[in-house]
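Subject: Structure for your review

Dear colleague,

Please find below the structure that I am handing over to you, with its sequence.

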Amino acid sequence: MRAAIRRIAVIAAVALSVVSAGALATEADAPPPLLGHYITDTRALYPLRVGDWEAAGEKRYEPQELGVSVRYQDTRRPDRWMDLYLYPAGEMFDPVFEQVFRQGVDEIVQIARDRQAGEVHVGQTRVFATMPAAGAGLLGELAVKARSFALDMPLHDARYRSALAITVRDLYFIKVRYSVQADRAADEDVQAEAETLLSGFVASVRVLNTGYCRQVLQVRAIPQGQARPEALLASTNDGREDEMWITDDTVYLRGEVIAQQAQAARLRDEAQAIRDVLRGHCVAPDAMEMAVPDGMREIRFEYRLPPEGSDGSAPRLRGQRTGVG
């Protein structure tokens with residue numbers, strides 16, 4: 001699998017320049033597919049309590065690609081709350097996620113300074129650990145790393161310490177915003193609390209998607225003497241008997257390996273796992289149903305293509321909320 005990891009990293013890094021988060025354009029000038037093309041349905045189960053923080057309300061936004069926010073209130077200090085946002089991200093690797101994060105931080109700082117209410121103190125930006133996503137080991141350095149940010153700013157005749165923490169899980173951004181009057185908490189405490197809530201939420205949340213993001217790989221023989229497909233996502237074990245070329249819908253194996261049913265099935269399953277990591281963890285429609293245990297709440301999203309004859313202005317996979325703002 002080491003060869004697979006190295007090769008995935010090379011191909012995925014190149015793909016970042018041509019694949020918009022969640023977009024699988026078939027031509028260079030083709031627009032990214034609509035939400036109803038890539039994700040048709042999402043079910044998310046999230047925890048009603050994370051440590052001392054308890055869910056106190058939920059808000060669904062319009063248009064729908066802006067997602068849902070959940071307000072968590074501190075059971076020890078009722079005057080404190082954090083807002084957690086869950087909204088579509090699409091495919092996301094860490095180099096792009098880092099760019100989105102930095103852009104969002106710059107926007108937040110600029111908005112705070114544009115108020116001209118006083119000096120804005122930019123705090124620390126850092127990477128912090130969360131429970132690894134399924135398949136993160138395959139991606140290596142491409143796997144998304146959770147990030148947080150803090151600043152001290154004037155607002156409404158007082159100063160506030162504000163923190164942001166964000167990551168991506170199963171094609172969705174998960175973001176926490178937290179603000180406290182500056183005389184009530186230190187920067188480090190506010191940032192650490194936002195990170196703790198995000199980490200606890202990520203450890204408990206379960207997100208299932210279905211749609212074009214799900215593809216069952218077909219097995220075909222590697223064509224002799226021909227170049228690899230341009231749409232190649234990854235290859236493994238180059239030059240060996242168990243070599244694989246992986247595209248969105250096909251795994252290419254050596255002809256003599258296809259004849260060995262058990263070996264071919266094993267490699268196809270391995271290729272499917274690699275494809276699912278790169279293109280989002282999606283399931284069949286009949287696998288979307290799951291019980292809602294005590295202490296959890298369900299959110300359902302449905303994304304559909306616009307009707308025939310429309311101007312195509314329905315929201316795409318990444319809409320107005322593009323990152324951390």
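Predicted model: local features only at pLDDT ≥ 70, side-chain atom pairs only at ≥ 80, totals over all residues.

Residues are numbered from 1 along each chain as its sequence is written, and side-chain values use heavy atoms, with hydrogens and water left out. Helices (H or I, at least four residues) and strands (E, at least two) are DSSP runs, numbered from the N terminus.

Helix α7 itself covers residues 261-279, and its 19 residues reach 26 Å from the first C-alpha to the last, close to the 27 Å expected at 1.5 Å a residue (the expected span being 1.5 Å times one less than the number of residues). An open sheet of three strands has the order β10-β1-β15 with antiparallel pairing, and its edge strands, β10 (206-210) and β15 (296-302), each pair on one side only. Strand β1 (residues 41-47) is joined to β10 by five bridges, and Thr42 stands opposite Asn209 in β10.

Strand β8 (158-169) is mostly covered, since nine of its twelve residues are buried. Strand β7 (residues 147-155) pairs with β8 in the antiparallel sense over nine bridges, with Tyr160 in β8 as the bridge partner of Met153. These two strands form a hairpin with two residues between them, and His156 in the turn has a positive phi of about 55 degrees. Ten bridges join β8 to β9, again in an antiparallel run, and Val168 stands opposite Phe173 in β9. The hairpin of β8 and β9 also has two residues between the strands, and there Asp170 takes a positive phi near 55 degrees.

Which residues touch the most other members of the largest nonpolar core? They are Tyr72, Ile174 and Val176, in a core of 37 residues, where a nonpolar core is a set of buried Ala, Val, Leu, Ile, Met, Phe, Trp, Tyr and Cys residues joined through side-chain atoms within 4.5 Å. Among the elements that give two or more residues to this core are β1, β4 (68-74), β8, β9 (172-181) and α5 (187-204), and α5 gives the most, with six residues. Apart from this core lies another, of 22 residues, among them Ala89, Phe97, Ile108 and Met153. Leaving aside residues up to four places away in sequence, Val176 touches Met82, Asp83, Leu84, Ala163, Leu164, Ala165, Ala194, Leu197 and Leu198, contact meaning heavy atoms within 4.5 Å.

Finally, a search of the whole structure finds nine aromatic pairs. The rings of Trp245 and Tyr252 have their centres 6.2 Å apart and their planes at 50 degrees, so the pair is tilted; rings of Phe, Tyr and Trp (its six-membered ring) pair if their centres lie within 6.5 Å, and planes under 30 degrees apart count as stacked, over 60 as edge-to-face and the rest as tilted. Trp245 is buried, with a relative accessible area of 5%, and Tyr252 counts as buried at 15% relative accessibility. Elsewhere, ring pairs link Tyr46, Tyr72 and Phe201 into a cluster.

With best wishes

Key:
Pairing = 2+ DSSP bridges. Buried < 20%, exposed > 50% of the residue type's maximum accessible area, 1.4 Å probe, protein only.
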